[in-house]
Amino acid sequence: MKNKKIISLILFSILIILIIIYFFYKNTNKNLNIGNNLSNKTNQEIEEYILNISSYEADIEVEVQSNKNINKYKIKQTYISPNIEKQIVEEPSNIKGLETVYDGTNLKITNTKLNLSTVYENYPYISDNFLWLNSFIQDYKISKNKKMYEEQNQLVMEVTLESNNPYASSKKLYINKDENKITKLVVQDKNQKNLVYILYNEIKINSLEEGEVLAFKIKEISAKQY
C-alpha cells in the first residue's frame, strides 16, 4: 500500500512537471512570434510582413538635410493603423518633450516643458509625412514604380514617389535579414541625395493597442490655445 502511494506521488509529480514544461514551451514560442520576427523568411515574405504592419513603436534618429544645413533629432514614435500617431522629441534640448498626438480626428500638440498644449479638432490627416514608416508603406502599396533588391546584406524596398513634391523623388526602406530588423529609411531627391535619413535604433512591431497610444480623450477636450 505504501509503495502504491509512493508510485502515485511520483506519477503525479511527473504530470505536474510535464504540464509546466508544456506551458513554458507554448509561451516561449508565442514570444518568438511577436514583434519584428523576420528570421528564415524569403524576400517576398518579408515584403508581405512589412506591408501588413498594423502598429509599431520606435526610437529613431533623424537627419533632415536642406541646402544650408543638417538638422538632427532623436524621436520616439508610436503608430496604430489606420491613422493614430504619437511622437515625442527627445533631442535637441530646445524642443525636448514636444509631443504630437493624432487620434484619427484631432491633433494635440503639447510642450511638456512649459505645460502648454493646443488641440486642433477635425484636423485633416496628412499621410505624406517622411518621418513615418506607415507613410512609406502606403506609398509602396499604391505605387506602380517600386522594386525590391539586396544591397550589402540588406533587403531594400524602394518606391519612386509619384506625388507633386518637387524635392523628394524616392524612399528606401532597409531591412537587415541577419539581425531580423528594420534598420533605416531614406528619402532622396532625383539626384539620389539624402533629404531625410532615419535610423531605427529600436523598433517593436504589432505590439500596440489603441489605448496605449491615446492616453487622453482628445474628443472630450475643447479646442483651446494657451
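Modeller: The protein has four helices and 11 strands, where helices (H or I, at least four residues) and strands (E, at least two) are DSSP runs numbered from the N terminus. This is a predicted model, in which local features need pLDDT of at least 70 and side-chain atom pairs count only at pLDDT 80 or more, whereas totals for chains, interfaces and linings use all residues. Residues are numbered from 1 along each chain as its sequence is written, and side-chain values use heavy atoms, with hydrogens and water left out.

Of the 226 residues of the protein, 36% count as buried, a word that stands for under 20% relative accessible area, with exposed meaning over 50% and partly exposed in between (1.4 Å probe, protein chains only).

Now to the core itself. A nonpolar core is a set of buried Ala, Val, Leu, Ile, Met, Phe, Trp, Tyr and Cys residues joined through side-chain atoms within 4.5 Å. The largest one here has 35 residues, and those with the most contacts inside it are Ile50, Tyr56, Leu133, Phe136, Leu173, Ile182 and Tyr200. At least two residues of this core come from each of H2, strand E1 (55–65), strand E2 (70–80), H3, E8, E9, E10 and E11, and E11 gives the most, with six residues. In soluble globular proteins, nonpolar side chains tend to be buried together.

Helix H2 (residues 43–51) has as its buried residues Asn43, Ile46, Glu47, Tyr49, Ile50 and Leu51. These buried residues pack against helix H3 (133–142) and against strands E7 (146–151), E8 (154–160), E9 (168–176), E10 (181–189) and E11 (194–205).

Leu173 is in contact (heavy atoms within 4.5 Å) with Ile50, Leu133, Phe136, Leu155, Val156, Met157, Ile182, Lys184 and Leu185, leaving aside its neighbours within four places in sequence. Ile175 lies in strand E9, and it counts as buried because its relative accessibility is 0%. The C-alpha atoms of Ile175 and Met157 are separated by 8.3 Å, although the two residues are 18 residues apart along the chain.

Finally, consider Lys184, which lies in strand E10. Lys184 touches Gln154, Lys172, Leu173, Tyr174, Tyr197, Ile198, Leu199 and Tyr200, not counting residues up to four places away in sequence.
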